[in-house]
Amino acid sequence: MQFHHHGYVSTNPRVQAAQGTGVNRPDDLPDVMDVLIVGSGPAGMLLAAQLSQYPSIVTRIIEKRNGRLEIGQADGIQARSVETFQAFGFAEAITQEAYRICEMNFWAPSKTDPGHIVRTHRTLDDEHGVSEFPHLIVNQARVLDYFADVAKNSPARIEPDYGVEFVGLQVGEGEYPVSVTIRYTAGSREGEKRTVRAKYVVGCDGARSAVRQAIGRHHIGGVSLHAWGVMDILAVTDFPDIRKKCAIQSHENGSILLIPREGGHLFRMYVDLGDVAENDNHAVRQTPLADIIAKANAIIHPYQLEVKDVAWWSVYEVGHRVTDKFDDVDAGKEGEQLPHVFICGDACHTHSAKAGQGMNVSMQDGFNLGWKLGSVLTGRSPESLLATYSAERQIVAQDLINFDKEWSSLMAKKPEEFDSPDELSEYYVRTAEFPAGFMTEYAPSMIIGSTEHQALAKGFPVGKRFKSAPVVRIADAVPAHLGHHAKADGRWRIYAFADIDKTRLHALAQWLGHDKASPLLAYTPKDADLDSVFDVKAIYRQPHYEIDIRDIPDVFLPRVGPFQLVDYEKIYAAEEGHSIFELREIDPQGALVVVRPDQYVAHVLPLTATDELAAFFKQNMLTCR
């Protein structure tokens with residue numbers, strides 16, 4: 001990580017100096033604010049962490065609970081989420097305390113003795129190497145803690161306002177058009193109602209979202225008439241794969257999805273409770289814990305499960321719902337109105353827990369919206385940018401529901417209903433990229449360019465997340481992953497992959513640093529560092545020791561901070577034996593890869609396409625000079 005550029009730092013460099021709204025931040029909610037976040041779940045806390053990077057924006061987050069979440073229901077952390085944690089600076093720390101899934105095993109009835117289960121398959125969790133980051137299991141409460149630390153230690157110093165409940169809202173006119181009624185649920189003001197105003201409100205308040213109801217949005221879908229018991233337990237068992245993720249199918253008693261938890265002892269079981277009658281009226285939710293444990297023992301026969309302690313348990317019916325729109329602008333009126341109220345996470349989409357998607361997709365909702373709010377409220381981008389949130393994320397949610405329906409249906413099948421005994425394990429391997437979080441592909445828009453020049457960098461598909469690769473930092477010969485340097489700071493990334501003779505790269509650098517049409521000059525405030533809006537990096541084909549740093553253009557060695565020190569961490573070379581040019585199929589003539597602040601590839605262009613680069617940013621940025 002980088003620090004000292006504002007002067008010598010001897011304390012924790014992860015705690016940034018308070019700035020703007022973070023200086024003397026008031027304890028009580030102000031009467032007016034820029035952004036009000038409702039709910040401190042995964043989407044809400046990521047959103048707060050992202051907006052904490054913008055000290056000129058007044059952001060508050062309210063939560064009706066009296067304090068932090070202690071026991072979270074979600075626990076699966078897909079690789080895409082760990083990539084996101086890297087951008088917020090805590091991927092390594094959370095990985096150390098998490099359980100890492102390396103293998104998934106499949107159990108089914110023995111062919112010779114159907115009353116007994118036997119292991120039928122072992123599969124690698126990431127057989128295709130879709131990410132350098134692992135698949136983790138860690139309590140949702142700890143994920144929220146990490147985001148809370150980022151928000152609290154960033155310039156805007158954002159912390160949740162606990163004990164405050166959202167009651168309702170109305171959208172009107174003026175600078176702060178959203179009027180929000182709140183109620184205090186704890187403390188000396190318990191029961192008191194109050195009205196505050198905001199420019200934007202984001203509902204991250206769960207499947208029964210009051211914000212969703214307030215803007216007239218509806219969950220579309222239903223339940224599948226199948227129930228599962230879920231429990232986090234400490235137990236003694238002779239089941240041999242108790243510390244591996246397993247899909248277990250019995251002959252007559254249903255299935256179990258077994259997920260080991262962090263800490264080496266705890267594990268979670270999703271226990272199949274079978275089909276639910278249409279007139280059940282949710283009576284299945286009253287199933288006693290003892291019945292769930294007995295059912296688990298029946299499924300894993302001949303093995304036994306002796307439960308010693310239960311940290312948490314519940315019964316749920318599988319539901320699949322997507323909200324009709326993710327903001328307050330009615331369909332068909334997008335060109336006439338601008339959104340002021342948004343919903344994220346479970347407020348938008350609900351599904352089964354067994355594919356491990358709920359928390360992960362919710363966080364990506366928050367990541368998608370956070371930088372857009374930050375860009376609009378700091379004057380970098382037009383308000384029309386905010387309409388892209390619902391347009392992009394609703395499609396992702398529908399794809400998630402479609403996948404989850406298929407996966408949960410497979411998990412509920414009886415062994416004799418499969419076309420092949422390998423069907424479940426083959427589906428798990430074949431679809432691994434989707435649950436890992438890497439199938440999202442945004443369509444062309446004001447922030448996603450065309451695929452006309454995709455052949456120049458085939459390994460960086462336009463609209464999909466930027467897939468990192470090894471490089472070597474030229475200044476100090478340190479091996480690095482190119483994408484790991486991209487922080488959740490709201491900046492766009494421009495990666496310039498150099499051709500062998502570097503002629504095109506130098507011409508590009510001259511244009512970026514001196515032409516008035518350059519996005520660096522057009523959209524960076526005069527009093528700000530040249531890299532404060534755009535993080536521009538150069539990646540050379542040659543080994544690092546063949547590059548003379550004195551020949552590298554200044555635009556790739558920008559001056560930063562009050563002392564105008566040189567930033568040496570924007571110049572890289574291909575790693576010998578693992579060249580990023582080969583791994584990501586980058587054309588020998590070089591290429592420009594433009595990446596959004598939320599890590600999605602926005603454009604691929606030739607190094608010479610300066611007019612096209614300027615035109616792309618003209619449609620999503622506002623001139624400030």
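**Interface between domain 1 and domain 2**

Domain 1 and domain 2 bury about 920 Å² between them, buried area being the accessible area (1.4 Å probe) that two parts lose on being put together, summed over both. Carbon and sulfur atoms carry 51% of this area. The model is predicted: local features need pLDDT of at least 70, side-chain atom pairs count only at pLDDT 80 or more, and totals for chains, interfaces and linings use all residues. Residues are numbered from 1 along each chain as its sequence is written, and side-chain values use heavy atoms, with hydrogens and water left out.

Domain 1 covers 20-70 + 158-219 + 321-409, and domain 2 covers 454-619. These bounds come from an automatic or database domain assignment. The C-alpha centres of the two domains lie 33 Å apart. Ten residues of domain 1 and eleven residues of domain 2 take part in the contact (heavy atoms within 4.5 Å).

On the domain 1 side, Phe367, Trp371 and Arg380 lose the most area to domain 2. Together they account for 60% of what that side buries.

One salt bridge is counted between the domains (a side-chain nitrogen of Lys or Arg within 4 Å of a carboxyl oxygen of Asp or Glu). Arginine 596 and glutamate 392 meet through their side chains in a salt bridge, at 2.8 Å from N to O. Helix α7 (residues 358-377) gives the most to the domain 1 side, with five residues; helices are DSSP runs of H or I, at least four residues, numbered from the N terminus.

Technical notes: Helices (H or I, at least four residues) and strands (E, at least two) are DSSP runs, numbered from the N terminus.
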